[in-house]
Every structure is written in structure tokens, then in C-alpha cells.
Amino acid sequence: MDSSAHAPGDVTFDFRALSARDKYKLLIGTVVPRPIALVTTVDPQGKINAAPFSFFNCLSADPPILALGVENHPDMRFKDTGLNIRLTEVFTVNIVSHAIAEAMHVCAVPFAPEHDELEAAGLTAMPGKTVASPWIKEAPAAFECRRHITLELGKSRQIIMGEILFAHYHSDVVDAERLHIDPAKLDAIARLGGSTCATIRDRFDMETPTLDDYWSQRKL
């Protein structure tokens with residue numbers, strides 16, 4: 001059988017032939033849900049910036065590494081987040097709950113550099129414990145990070161990896177002894193395609209089977 005054959009109704013795309021915009025549309029609609037990082041940074045003079053990123057995830061627990069995908073402006077200038085991390089080597093990732101979703105959206109407005117996004121969004125900047133960048137009081141969880149490595153992807157994008165140095169949680173979100181996070185209290189939102197977002201309120205459990213479990217099921 002020809003391995004390249006596909007069932008009627010399948011649609012294929014050669015990513016090598018697609019424009020950057022078309023690749024973006026397919027990726028953000030397919031790789032879902034994507035967690036949202038509301039990233040706070042400071043410039044060398046201490047001015048705070050806040051911006052959301054949905055090209056974001058955790059990559060490692062030991063060392064504890066988070067990754068951000070940051071794109072430059074169309075004219076190749078660094079966005080404030082990318083420039084501030086480059087200059088100060090630190091940033092803070094604030095998890096976006098449903099309660100602060102609209103505030104996060106305000107932080108995405110292309111304000112002038114001198115405009116305070118957190119103030120415009122009604123969010124509260126709290127002094128970092130280990131880094132210069134603040135954490136957001138209203139966020140259910142926040143990770144203070146030191147830049148670990150930056151990967152340059154072509155002319156316009158960077159993957160910025162940060163090592164988590166310190167974490168903040170609302171007291172009802174985490175069991176401090178068991179280190180169990182209550183997903184209902186975290187109430188994080190995620191990005192889908194286009195302008196569509198989702199919550200994590202619908203959940204189900206799936207235990208990873210052991211090898212014995214797998215073979216037992218095969219015999220039924």
C-alpha cells in the first residue's frame with residue numbers, strides 16, 4: 001500500500017510552500033489549547049512592561065525551564081519584552097486565570113513604551129523576590145525567571161528559555177504540603193485559534209496503564 005495515500009476527505013499542506021501567515025494560521029488553530037503567559041519585565045531604568053504570549057510552555061522540571069516564543073515588530077525592532085529580557089536577563093511569567101482574562105487582553109494593546117500596561121489593566125505589580133521584574137498580585141500563580149538561553153529563529157523570532165528561581169501562588173490554589181495544584185482554583189485560560197480562548201473547567205482523568213494493565217486489556 002502506498003504510504004503517501006490518504007483517505008478521501010483528507011487535506012494536506014506542504015509547509016515549505018506556505019506563506020508565514022498561512023503557517024501561523026494552521027499552527028495556532030491546531031496546537032491547542034496553548035497556555036497564556038502574561039510576562040512582566042523591566043527595562044534597565046526599572047520601567048515595567050506587561051504583555052501576553054501564547055507561544056509558551058514548560059520544558060523541563062530539573063532544571064525548571066519555561067519557554068517563550070517572542071516575535072519582533074514587523075520592522076525587526078525588538079518588542080519591549082524581548083528587549084528587556086535581553087538587557088536585564090530576567091522576566092516573570094504570570095498565569096492568566098479567567099478572572100483576569102480581560103485585564104490580560106488590555107495588556108496586549110499596543111500602547112506607547114511609556115504607557116503602564118498594568119495600570120491600564122487594573123493589575124497590581126508586586127516586587128520580585130529574586131529578580132527585578134515584578135509579579136502580578138491578581139495572578140493565581142507566577143514564576144520569577146532568569147534567562148537561561150535564547151535561540152534566534154531567523155531574523156524575527158526568539159525562543160527565550162528561563163530558569164524558574166521563585167514561585168508565588170494564591171493560598172487557595174496550592175496545597176503547600178502535598179504540592180498539589182487545584183485546577184479549579186487556578187482556573188487558567190488557554191488560547192485556541194484566532195481570538196478564541198478556552199477554560200480548563202471541563203476535565204477528565206486518564207491513568208497511564210502499566211504494561212500488565214495493557215496486556216490484560218488486550219486479552220479481554
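Biologist: In this structure, what is the bridge partner of Ser60 in S5?

Modeller: The model is a predicted one, and in it strand S4, residues 56-61, pairs with S5 in the antiparallel sense over five bridges. S4 and S5 form a hairpin, with two residues between them. Within this pairing, the residue of S5 that bridges to Ser60 is Ile65.

Biologist: Which strand gives the most to the lining of the second largest pocket?

Modeller: That pocket holds about 330 Å³ of space, and among the 20 residues that line it, Pro35, Phe56, Asn57, Cys58 and Ile95 lie nearest its centre. Strand S1 (34-35), S4, S5 and strand S13 (189-191) each supply at least two residues of the lining. With five residues, the strand that gives the most is S4.

Biologist: How many residues of that lining are nonpolar?

Modeller: The lining of the second largest pocket consists of 20 residues. Two of the lining residues are polar and one is charged, while the number that are nonpolar is 17.

Biologist: Within what arc do the buried residues of helix H2 fall, seen down its axis?

Modeller: Helix H2 spans residues 80-88, and its buried residues are Thr81, Gly82, Asn84 and Ile85. They line one face of the helix, because, seen down the axis of H2, they fall within an arc of 165°.

Note on methods:
Residues numbered from 1 in each chain as written. Predicted model: local features only at pLDDT ≥ 70, side-chain atom pairs only at ≥ 80, totals over all residues. Heavy atoms only, no water. Buried < 20%, exposed > 50% of the residue type's maximum accessible area, 1.4 Å probe, protein only. Helix = DSSP H or I, 4+ residues; strand = E, 2+ residues; numbered from the N terminus. Arc of directions from axis to C-beta. Pairing = 2+ DSSP bridges. 1 Å grid on protein atoms, 1.4 Å probe; cavity = no way out; pocket = protein on both sides within 12 Å on 5 of 7 lines; lining within 4 Å. Points joined across faces, edges and corners; volume = space filled by probe spheres on them. Nonpolar A, V, L, I, M, F, W, Y, C, P; charged D, E, K, R; others polar.
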